[in-house]
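I opened the notebook to look up a few local features, one entry at a time. The structure goes in here before the notes.

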Amino acid sequence: MMATSEAVLQVIGGSQPCLFGSDHSFRKLGSSRTCRSFIRYRRKRVSKYVNFLNCSNTSYRAIRADHFLNTRQPVHGNIAQSYLRSMNCKCQRADSVSSTASENGTGTWFVDNDQSFDAVHGNTPSVLQFETVEELKVGEDFQSNGSLPPNGSVQDALNRIAENSIEDEAWELLRESMVYYCGSPVGTIAAQDPTSSNVGVLNYDQVFIRDFIPSGIAFLLKGEYEIVRNFILHTLQLQSWEKTMDCHSPGQGLMPASFKVRTIPLDGDDSATEEVLDPDFGEAAIGRVAPVDSGLWWIILLRAYGKSSGDLSVQERIDVQTGIKMILRLCLADGFDMFPTLLVTDGSCMIDRRMGIHGHPLEIQALFHSALLCAREMLTPEDGSADLIRALNNRLVALSFHIREYYWIDMKKLNEIYRYKTEEYSYDAVNKFNIYPDQISPWLVEWMPNKGGYLIGNLQPAHMDFRFFSLGNLWSIVCSLTTDDQSHAILDLIEAKWADLVADMPFKICYPALEGQEWQIITGCDPKNTPWSYHNGGAWPTLLWQLAVASIKMNRPEIAAKAVEVAEERISRDKWPEYYDTKKARFVGKQARLFQTWSIAGYLVAKLLLANPSAAKILITQEDSELLNAFSCAISSNPRRKRGPKSSQKTYIV
């Protein structure tokens with residue numbers, strides 16, 4: 001046993017002849033994923049190597065698959081036979097996936113284990129098939145010169161093996177990113193880039209609430225609930241509970257942006273230590289901006305945990321109920337704002353630095369709407385929550401009307417804005433926000449497809465931000481902030497503008513990028529947000545999971561499946577970067593961290609949901625009949641009805 005293990009170590013280390021015929025052919029693999037996997041495994045115990053080589057679900061076999069896929073070299077003799085046997089073993093072990101394929105879940109497009117429907121290419125082999133591959137005979141299935149047969153059957157099998165190896169690597173990386181507090185997992189760090197010496201300085205070694213959401217969803221879909229439960233309860237302990245008058249302290253109910261597990265001396269004694277959770281409410285963030293989205297994501301994850309695990313005891317706890325109410329009161333508090341949307345500053349969400357999204361950015365409104373629906377579902381009925389639920393329902397109706405009516409744009413609405421009259425002073429004004437038609441940019445006139453539409457990025461008096469913001473639009477579909485027709489129109493636009501929004505790596509965070517003088521003025525000449533980089537038109541692989549949920553909800557999973565295929569071409573080879581640069585997303589971001597956890601988790605969630613579409617219900621919220629009735633009353637037969645200053649008795653503003 002030890003001799004075998006030692007031989008394995010020598011082969012991996014390079015002291016023994018290469019299994020692929022020559023050292024040169026091994027180097028021609030060209031896969032950074034492959035090389036890094038071997039380096040990582042070499043640090044582990046010998047027994048791990050034995051399990052690694054014996055397991056039917058191994059990256060080792062995928063390396064051989066990558067070799068034949070990437071180099072297209074002839075396959076000879078025992079190497080070919082050995083490879084094909086391992087391929088057969090690999091494919092037959094996909095029991096867990098084939099079992100999900102047999103389910104008749106909502107939106108699933110699997111037929112049976114022998115034939116499945118690929119939503120992208122029709123009834124042909126695809127990345128979502130896991131049919132059994134019989135052992136091939138070299139004499140019958142390979143050409144006389146040793147090359148692969150032209151019928152593509154082996155090619156398809158190799159593709160499936162390579163894709164499975166990407167998932168295996170992603171799971172391994174996700175588990176390596178887990179953070180422990182007092183021996184229990186409480187989250188995942190933002191990135192574990194071994195090539196960066198200042199990850200800690202730039203806070204990528206912390207657990208971010210928004211970054212952990214796809215990680216948490218991945219663990220829930222995998223049936224691993226402990227880490228999500230711990231995360232929910234420990235972040236609740238970090239929530240700000242005291243009202244303060246200090247402008248540098250968090251307001252009551254605010255959730256931190258991130259936290260870090262620190263080990264400190266106990267009572268000044270260096271020999272005894274204890275672990276503490278050190279939260280950041282934005283005091284250390286760039287721009288010192290408080291995270292508005294953290295509390296909203298926390299509520300969404302709390303509901304997903306209950307629906308996935310069946311454990312409702314967490315959301316029914318008194319401290320959790322109090323935490324929900326504090327977040328709601330913070331969001332529903334009275335202020336000077338006249339709109340039902342949430343007023344926030346720039347940098348308060350995923351786009352966490354100056355990008356001209358201050359005011360009422362779409363992303364926050366979509367998360368706000370989603371959190372309100374989730375909270376209403378989880379709040380326990382009691383006397384103290386009656387007024388809060390009433391205010392919540394009123395806000396939901398007003399918010400839905402406001403976004404659907406004033407944020408929506410398609411060719412019809414664009415032509416309407418083009419003919420707006422300005423300086424209208426009356427309750428029945430058509431141009432309620434005094435939008436000047438000259439704001440319509442030439443790029444929008446050319447870019448808007450005849451079929452499709454989307455929600456604009458922001459709306460304020462005399463200002464419409466016509467940029468397409470991906471997260472806001474996708475999550476508006478997920479939480480039913482948009483109507484069914486609008487939801488389909490957004491997906492239609494994504495398909496029509498695939499070359500712009502997906503290109504070589506999904507998914508553009510916004511389109512188009514700010515350039516020239518506009519970039520200088522709006523971003524303050526931000527050197528990180530240069531055109532088509534980072535938040536300014538960069539591509540973020542983590543958005544794959546939101547695209548998957550939105551596509552599955554509208555029964556169009558082929559859109560997400562196609563995007564996942566695009567991502568799988570490069571994402572592992574590029575070492576799971578945080579974002580991509582250039583208009584077509586051809587380059588890894590100039591300051592992107594590698595092995596970014598939410599890039600890894602976003603890919604995994606997309607794959608898991610496409611394999612089992614019915615699981616997306618833990619994230620989807622539907623508009624109920626009560627809200628639909630209230631909404632129809634609000635818009636009546638004419639959404640631009642006359643309204644006097646004292647005639648309305650409603651407690652909300654539309």
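Helices and strands in these notes are DSSP runs, numbered from the N terminus. The model is predicted.

Entry on A503. I looked up its place and found A503 in the loop between α21 and β9. Its phi is near 50°, a positive value in a residue other than glycine. I count A503 as buried, because its relative accessibility is 15% and buried means under 20%.

Entry on R288. This residue also has a positive phi, near 55°, and is not a glycine. R288 sits in the loop between β5 and α12 (293-309). Buried or exposed? At 57% relative accessibility, R288 counts as exposed.

Entry on cis bonds. I checked omega from P506 to F507: the peptide bond is cis, with omega near 10°. F507 belongs to the loop between α21 (498-501) and β9. Another cis peptide bond joins Y511 and P512, with omega about -5°. P512 lies in the loop between β9 and α22 (516-523).

Entry on the sheet. I traced an open sheet of four strands, in the order β6-β7-β8-β9, with antiparallel pairing. Its edge strands are β6 (408-410) and β9 (510-511), each pairing on one side only. I then looked at β8 (residues 463-469), which two bridges join to β9 in antiparallel fashion. Opposite F469 I found C510 in β9.

Entry on charge. Which residues form the negative surface patch? I noted D267, D269, D270 and E274. E274 is part of strand β5 (residues 269-280). With 35% relative accessibility, E274 counts as partly exposed.

Technical notes: Residues are numbered from 1 along each chain as its sequence is written. This is a predicted model: local features need pLDDT of at least 70, side-chain atom pairs count only at pLDDT 80 or more; totals for chains, interfaces and linings use all residues. Side-chain values use heavy atoms; hydrogens and water are left out. Patches are made of residues with over 30% relative accessible area and no salt bridge: like charges are joined within 9 Å, nonpolar side chains (Val, Leu, Ile, Met, Phe, Trp, Tyr) within 5 Å. Accessible areas come from the Shrake-Rupley method with a 1.4 Å probe; for residues, only the protein chains shown count as cover. A salt bridge is a side-chain nitrogen of Lys or Arg within 4 Å of a carboxyl oxygen of Asp or Glu. Lys and Arg count as positive and Asp and Glu as negative; His and the chain ends are not counted. The place of a charge is taken as NZ of Lys, CZ of Arg, CG of Asp or CD of Glu. Buried means under 20% relative accessible area, exposed over 50%, partly exposed in between (1.4 Å probe, protein chains only). Two strands pair if DSSP finds at least two bridges between them.
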